[in-house]
Amino acid sequence: MAQNPESRIVSRDPENLIYAFSPANPPCCEIAPGEAVIVETQDCFCGQIQGPDDLFEKVGWDRINPATGPIFVQGALPGDTLAVEILDIRVLSPGVMVAVPNMGAAGHRITESRSMLIPLRNGLAHLPGDIILESHPMIGVIGTSPKEGSVATGTPGPHGGNLDSKVIAEGSTVYLPVNVPGALLALGDLHALMGDGEVLICGVEVAGTVTLRTRLLKGLSLPCPVVETEDAVYLIWSEETLDSAAEAVVDKSASLLAQTLRIRDEEALCLLSARGNLQVCQIVDPLKTVRMEIPKYLFKGNYPWPT
Ligand code: CA
Ligand code: CA
């Protein structure tokens, strides 16, 4: 989408970056629902990796996984749901990937630390091995403040956060809980490309800009972060193990489907078992994240939110 020159821009300046979602973070700006906003984000290393000599071991941990925000959404109150429509994602070249011994899903195979720059040109990512892939920009971290306490931006949870789900991309809408007045939305950790699992421990990490527009669903609470795309609704859940995350997301999906369609639990489970797709988001963060893909036609036009 063409960016409206009058849209408000939230810069990626250090004073607009947070490293934990918390009600204690002062808002960096205030927006109205319906207003298009351009949010600049840093990459997950906060720009500390500029070349192959900048190894992960040298990166300052106090500057990992910055999220831009928090953005105060006018009128958002606890018990509402915040819908965030992703209008546009642009990424800056180059992207970065790191291989680090004993990190990621198969870190024992990595004998020496490497930082790799991934040039991005004309929508294509130039990966090691002379492999050129189409980029599919997505948002790794997007969330609202928890009711109390603080959750590091590297951790996913019911508030969203480090969901690392590739369906959070241009054209999708992310539904997040409002736990505190203003919701305190923040986002970052863009990936030019990421496969389900994020097995190395990173996607193609990039800085970039996200154009978004929010909408408030007053008095609606959903059981977990939800993503809507053109064809499907995804429920997202994180737990310490993939097994427990999978069982929880099936449970929440069955409840939502049963309530929305006014059918019995076992009937909702029939639909999920016949046509739902349980998918892995990532297996390398402090909690593992899965999503349940429910094709929209199963809702027969009765979405859990007003359309
Ligand atoms: Ca991430
Ligand atoms: Ca990342």
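Donors are taken as N, O and S atoms within 2.8 Å of the metal, or 3.2 Å for Na, K and Ca; water is not among the atoms, so sites may look incomplete. The structure is a predicted model, in which local features need pLDDT of at least 70 and side-chain atom pairs count only at pLDDT 80 or more, while totals for chains, interfaces and linings use all residues. Residues are numbered from 1 along each chain as its sequence is written, chains are lettered from A and ligands numbered from 1 in the order in which they are written, and side-chain values use heavy atoms, with hydrogens and water left out.

A distance of 3.3 Å separates the calcium ion (ligand 1) from the calcium ion (ligand 2), and Asp189 coordinates both. Helices (H or I, at least four residues) and strands (E, at least two) are DSSP runs, numbered from the N terminus. Asp164 and Asp189 are both buried, where buried means under 20% relative accessible area, exposed over 50%, and partly exposed in between (1.4 Å probe, protein chains only).

Ser11 is placed in the loop between β1 (8–10) and β2 (17–18). With a relative accessible area of 18%, Ser11 is buried. Its side chain forms a polar contact of 3.0 Å with the side chain of Asp13; a polar contact is a pair of N or O atoms within 3.5 Å, and within protein one must be able to donate a hydrogen and the other to accept it, with residues adjacent in sequence counting only if both atoms are side-chain atoms. Residues up to four places away in sequence aside, Ser11 touches Asn16, Glu40 and Thr68, contact meaning heavy atoms within 4.5 Å.

Ile294, in strand β24 (residues 288–295), is buried at 0% relative accessibility. Beyond neighbours within four places in sequence, Ile294 contacts Ala232, Val233, Leu235, Ser253, Leu257, Leu272 and Phe299. The C-alpha atoms of Ile294 and Asn277 are 6.8 Å apart, at a sequence separation of 17 residues.

Gln259 belongs to helix α1 (residues 242–261) and is exposed, its relative accessible area being 59%. Between Gln259 and Pro304, 45 residues apart in sequence, the C-alpha to C-alpha distance is 8.4 Å.
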